[in-house]
Structure formats: C-alpha cells, structure tokens
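My plan is to go from the whole chain down to single residues.

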Amino acid sequence: FQQEYPQIAIDLISIDDRGELGEKGIDVLIRGRGTRQRGGARSEPQGLVARKLFQSKYAVAASQEYLNRAAAPRTPADLLQHSCIAHVSLEHDVGDEWEFVKSTERQKIKFPPKLRIQGVDAVCEAGIAGCGVISLLAASIEDELRSRKLVAVLPDWERTGARPILAIYRKTVPVVPQVNAFVRYLVDAYRRYDLADRRRKEGH
C-alpha cells in the first residue's frame with residue numbers, strides 16, 4: 001500500500017475493545033464480524049460503515065510437538081480429550097463451541113478451555129508453542145501451516161461458522177480520501193482469500 005501511496009503514513013495499533021475506535025482516533029478497524037455468545041451477528045454502532053473484505057474457512061491446527069505428546073484427534077469429539085484454546089472476541093465472547101461437518105455428518109463440541117486468549121496473533125503463538133489445539137481463519141495462519149510451524153488437525157472435517165472479515169470506519173460524506181484508498185486496497189489484496197470470489201471463478 002505504501003509503495004502505491006507513499007504520501008500516506010500508517011500507524012498500526014492493536015486494540016482490546018471496540019470502544020477504543022474513537023478513543024484512539026483509529027480511522028480503519030480490521031476485524032471479524034462480531035457474533036453473540038449464543039449465535040447471531042452483532043450490529044455495528046451507528047455512524048460506522050462495515051465493509052466486507054473477505055470470508056475464509058476455519059482451520060484447526062496444533063504444533064507437531066503438541067501432537068507428539070497428545071496424539072492427533074480422529075473425530076471432533078476427540079477434541080474433548082485435548083487442550084483446546086478458546087479465542088476471546090473484542091466483545092469478550094469466548095469461542096468454546098466448534099461445529100464440524102463431513103459430508104452429511106455434523107458434530108458440535110463445547111469444550112472447557114484451559115486457556116482463553118484475546119487476539120488472533122496471540123492464539124497463533126500459543127498454538128506454535130505447543131499449548132494446545134487452536135482454530136482460526138485459514139487465511140490468518142496460512143504461513144504457519146505452510147512452514148509446518150502448525151499442522152492441520154481433522155483435515156477431513158470442516159469447521160463451520162466462519163465470519164467475514166470487515167473494514168470498519170466512520171460514516172462521512174464524502175469518505176476521507178486516505179481511508180477510501182486504504183479500504184479499496186484491502187478489498188483487492190484480500191480477494192484471493194474470499195470464498196465467494198473463489199466460487200464465482202470456479203463457476204459454482
């Protein structure tokens with residue numbers, strides 16, 4: 001982005017609460033669509049625009065070190081005997097329910113997390129460190145899977161319920177030019193991860 005727009009400076013900030021969007025003067029927030037603890041999408045506060053960037057499948061993974069100790073699960077139900085790490089959302093919802101599908105078979109598990117972590121990068125690092133089984137969007141841990149820092153778990157099963165990743169910014173007329181340029185760049189950059197775009201290209 002900065003090669004195309006060298007005149008635009010970027011401050012990259014990690015936040016722990018959606019309310020910090022205004023407090024820290026953040027122009028664009030990149031995050032998954034919020035979901036309530038018992039399902040259903042959360043609406044964004046008034047005055048904000050939520051633009052979809054992409055939607056990726058979930059991946060379930062662990063380090064080889066962990067799998068050497070605990071043995072790889074064969075079915076989703078086997079995860080109840082494993083140390084599963086729960087991702088905590090910005091709204092402080094705990095992701096301790098995972099639903100899987102294989103052909104016509106479905107399994108849903110609710111596990112007692114031994115470790116709850118807020119932040120995708122921190123969840124990924126915990127998985128690499130051998131703390132347990134993690135589940136994040138495949139796009140988020142693509143490099144770690146390719147380098148074998150993480151190994152896919154239950155590859156014959158697909159975890160369902162993946163949320164779209166959004167760019168959230170203030171509603172202004174017109175949109176601030178720098179924000180507009182950045183969001184358009186993100187849409188193009190993330191297109192290769194988007195399931196809907198892939199299906200269109202494959203003719204589904």
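**Whole chain**

I looked at contacts in the protein chain with a separation of 6 or more, and 75% of them join residues 24 or more positions apart. I keep in mind that this is a predicted model. For secondary structure I found 6 helices and 12 strands. Of the 204 residues in the protein chain, 40% are buried. I also looked up the accessible surface, which comes to about 12200 Å², with 47% of that belonging to carbon and sulfur atoms.

**Cores**

Next I asked which residues touch the most other members of the largest nonpolar core. They are L79, W98, F100 and V133, in a core of 16 residues. Strand 3 (58-62), helix 2 (64-70) and strand 6 (97-102) each give this core at least two residues. There is a second, separate core of 15 residues, with Y58, Y169, V183 and V187 among them.

I then picked out V133 and set aside its neighbours within four places in sequence. V133 still contacts V60, A61, A62, Y66, L79, H82, S83, C84, I85 and W98.

**Helix 5**

I checked the length of helix 5 (residues 177-189) too. At 1.5 Å a residue, its 13 residues should span 18 Å, and the end C-alpha atoms are 18 Å apart, so the two agree.

Which residues of helix 5 are buried? I noted V179, A181, V183, L186 and V187. Their cover includes strand 1 (28-32), strand 2 (48-54) and strand 12 (165-170). A reminder to myself: an α-helix has 3.6 residues a turn, so residues three or four places apart point the same way. V183 and V187, both buried in helix 5, also turn up in the second core.

Technical notes:
Residues numbered from 1 in each chain as written. Predicted model: local features only at pLDDT ≥ 70, side-chain atom pairs only at ≥ 80, totals over all residues. Heavy atoms only, no water. Helix = DSSP H or I, 4+ residues; strand = E, 2+ residues; numbered from the N terminus. Expected span 1.5 Å × (residues − 1). Buried < 20%, exposed > 50% of the residue type's maximum accessible area, 1.4 Å probe, protein only. Contact = heavy atoms within 4.5 Å. Core = buried A, V, L, I, M, F, W, Y, C linked by side-chain atoms within 4.5 Å. Areas by Shrake-Rupley, 256 points an atom, 1.4 Å probe, with all protein chains shown as cover.
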